[in-house]
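User: I would like to learn how to read contacts between aromatic rings. Please show me with an example.

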Amino acid sequence: MTTKKKALLIDITKCVGCRMCENACKEIHGFPTDTPTPTLSDKAFTVLEERADGKFVRRMCQHCEEPACASACPVGGLKKTALGPVIYDAEKCMGCRYCMIACPYMVPRYQWDKLAPYVAKCDMCYERLAKGELTACTEACPVGATVLGDRDELLQTARKILLENPNYVQHIYGSDELGGASVLYISDVPFERLGFPLPVNDRPLPTLSKAALSDVPTVVGVGGSLLAGLYWITQRRREVAAAESKANAEHEERS
């Protein structure tokens with residue numbers, strides 16, 4: 001059976017700025033919910049920004065169809081799933097942070113305050129989706145500004161809304177940008193005024209990097225060996241840091 005790719009459709013005209021999506025995301029991940037978070041961080045995977053004309057724009061991972069973060073990761077720590085989300089495997093990550101540099105939306109964040117840091121970002125509630133459940137942000141939205149569904153069907157729904165409402169910008173953001181994404185937006189204010197990056201073309205970023213990478217096979221081969229060594233060192237450092245942290249905690253308890 002073919003898996004239908006899931007997506008989120010966010011209607012900016014409906015958002016009232018209640019931040020219920022923010023709080024629901026934080027609660028499900030065990031993050032503090034006492035204060036609003038102005039920007040994405042390792043403890044805030046979705047944030048609400050007030051933009052032009054009093055509009056509220058929700059920022060989160062776009063879950064690109066051909067993610068630049070996954071293409072840049074030398075150890076396969078990020079991947080696009082058949083279900084739609086781009087997920088992160090901390091066991092593979094070596095902490096190079098290439099994903100942070102590659103992402104055109106500046107989404108992945110690093111856990112700078114931890115002894116054994118990892119990259120952190122929205123996974124579109126992948127485990128919930130796999131069980132047929134809603135994402136936490138969709139479930140929490142009281143006005144239906146965020147809708148979860150099959151990507152193709154949501155695109156059809158969005159096109160119908162635009163056709164019937166000429167006040168909307170006649171474009172679905174995320175439908176084509178950089179190869180498309182699993183997070184789609186519709187708005188009655190031009191996307192550039194709301195802080196959305198507008199790429200010069202719709203080609204996925206990984207296709208632009210392939211030509212450059214193909215010219216350096218020797219470097220890639222040598223780099224692969226070096227990266228394997230760096231990966232082992234990074235993992236070992238994490239294990240040592242975690243062990244030291246546990247030992248210190250046990251020492252303090254005995255004291």
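Analyst: Rings of Phe, Tyr and Trp (its six-membered ring) pair if their centres lie within 6.5 Å; planes under 30 degrees apart count as stacked, over 60 as edge-to-face and the rest as tilted. Here, ring pairs join Tyr173, Tyr185, Phe191 and Phe196 into a cluster. This is a predicted model, where local features need pLDDT of at least 70, side-chain atom pairs count only at pLDDT 80 or more, and totals for chains, interfaces and linings use all residues. Residues are numbered from 1 along each chain as its sequence is written, and side-chain values use heavy atoms, leaving out hydrogens and water.

User: How many aromatic pairs are there by this rule?

Analyst: The count is seven aromatic pairs. One of them, Tyr173 with Tyr185, is edge-to-face, at 6.5 Å centre to centre and 70 degrees between the planes.

User: Which parts does the pair of Tyr173 and Tyr185 tie together?

Analyst: Helices (H or I, at least four residues) and strands (E, at least two) are DSSP runs, numbered from the N terminus. Tyr173 lies in the loop between α6 (151-164) and β9 (183-186), and Tyr185 in strand β9, so the pair ties together parts 12 residues apart in sequence.

User: Is Tyr173 buried or exposed?

Analyst: Buried means under 20% relative accessible area, exposed over 50%, partly exposed in between (1.4 Å probe, protein chains only). Tyr173 is buried, with a relative accessible area of 1%. The ring centres of Tyr173 and Phe191 are 5.4 Å apart and their planes stand at 40 degrees, so this pair is tilted. Phe191, in the loop between β9 and α7 (205-214), is 18 residues from Tyr173.
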